[in-house]
Amino acid sequence: MEETVEEPRKPLLHRLVEVTRAYAPLGFTSFGGPGVHVILLRRLFVDKLKWVDETIFNDLYGLGNALPGPGSTQLAFSIALVRAGILSGLLAFLIWSLPGALGMLALGFGVRQIPEKLPGIVLALFTGLNAAAVGLIALAAYNLSASTITDYVTRVTLFVAAAISCCFEAQWLFPTMMVGGGLTTFVWDNERVQKGLRSIRRGKNATPVEEATSVPASPVLLRGHGEGRKSGVYERDEEVELDTLPHNSSAHHHPDAITPVPDNIIASDPATVTPHTTLRNRSASAAAPLSRPMTPPPESAHPASSSVKHVTPTTAINTYFTLSIPGGLAFLGLFVVSLTLFLTLRSHLPHPPHTFDFFTSLYLAGTIIFGGGPVVIPLLRSYTVDPGWVAPRDFLLGFAILQAFPGPNFNFGVYLGVLAVPSNPVLGAFLGYLGIFAPGIILKLAILPVYARINKHPVFRSILRGVNAAAVGLLWTAVWRLWRVGWLVDAPGGVGTVGVSLDGDGWWGVVAAGTFVGCEWFRVPPAIAVVGGSVMGLVWYGVRAA
């Protein structure tokens, strides 16, 4: 029998060193924004280091998008958190975000020396970077779609979330899409709904459906398709049903006998469910193999096999992340009390200190922003430019240069802090950094204890796969939005910089497509692809200037 054993416990110092080694390069190479970050994190922690498996990665990504704050930063923080504990997660967050934050700090001090009109060669360089980022975000959305789509309903949920978000822009839209996606799959997976659908398909004279007795009804989680995708995702092309588990020893000799699912197999993960373990295909094409080899059946299906032990660190979420549900509720209470206190004090003080006013605005922005970096910029403009704390020219210059720095787009809060608190710019930068990141980190600490304890529950899995589908749909929206404003040109009148659509010149489409192809099929590192996009921008400028 195959036996799964946990990794030996590692001391705290060992885990901190391990996290430092893994995250240190990311702090300096994570260019391109949230969509690119997803590619970097997936390739490193799922494909290479195998700190988490694909299911947990998708779960953490979906949860991060369902909460306010920077989605990619919460993903990076959560991976280290479930792998090595809270202190390691906080260390990973600092390593991930500080290099870019320090760069934005320096930009804040030097922005006064930057001319209002950026040179054309600089605009071309940034445009090439944006074009490469479009290709990488599209690649992230493509890969996540392949692993998130498990049936027709998740495919439709993903498409609808992407379509609606491309057509409309509103603060309430992102959380609404998440809730709608979760409710859609929850209702779809309901046993009564599935019975009704099967009755409609089979007709009145069909043989009654055998009901599963060992697994809570969620048949949609186990649909199959004759042609699998590269991620192991498959859909219903023929009838696939749960079979009744046999209760006697002779069941192994029955042609319809099936093997119970071991506890360490997550049934909702299509990559771990096979016809050998839980399903009986009633179609004549049942023996047709999928295009991608699926997870082999557990050794219990072959009594003659020898015992095998292997270490599976990806499923031991609670090994180092030991925060209890009451502890998570304490973090949730901390967040609610702090937000209420800050807003109450600011509204009742006749003349609140300028630093406190700025910090409260950034804390509020970090609380109500869903969708990460692409959404934060317009809101921060209303919070800092409208009160007169930051000049419109300085805001637009900082935004234009933001993509040239690694790390999360929320580091823009550091830049704004330098400008908004001129009497003490270092303090302003610290308050901007703390205010905009703290809400998302605190809320992630509040929700992860719940996830760690119910992540295998059928109802939770059912809801979460809809949330994940909606989150990936919103990632496709980021492709569209960056495409619309990726080409940086001089603003009308020659003052400032504006972004226009990349389709104004076919060269940028070639750069975006080339980035996608290079990273997907030629394994070009994303950091190299971003640098290559910038070089292509310089080439475009040289040809146009010649």
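**Rings and helices**

Mentor: One aromatic cluster is formed by Phe335, Phe342, Phe356, Phe359 and Tyr363. The model is predicted, so local features need pLDDT of at least 70 and side-chain atom pairs pLDDT 80 or more, while totals for chains, interfaces and linings use all residues. Residues are numbered from 1 along each chain as its sequence is written, and side-chain values use heavy atoms, without hydrogens and water.

Trainee: What makes phenylalanine 342 and phenylalanine 359 an edge-to-face pair?

Mentor: Rings of Phe, Tyr and Trp (its six-membered ring) pair if their centres lie within 6.5 Å; planes under 30 degrees apart are stacked, over 60 edge-to-face, the rest tilted. Phenylalanine 342 and phenylalanine 359 have 5.3 Å centre to centre and 80° between the planes, hence edge-to-face. Both residues are buried (under 20% relative accessible area with a 1.4 Å probe, protein chains only; exposed is over 50%, partly exposed in between).

Trainee: Why are helix 8 and helix 16 called oblique?

Mentor: Helix 8 (residues 173-188) and helix 16 (residues 458-485) pack at about 140°, with axes 7 Å apart. Axes are lines fitted to C-alpha atoms over the stretch in contact, and angles run from 0 to 180 degrees between N-to-C directions. Under 35 degrees is roughly parallel, over 145 roughly antiparallel, 65 to 115 roughly perpendicular and the rest oblique. Helix 8 and helix 16 are therefore oblique to each other. Helices are DSSP runs (H or I, at least four residues), numbered from the N terminus.

Terms used. Helix = DSSP H or I, 4+ residues; strand = E, 2+ residues; numbered from the N terminus.
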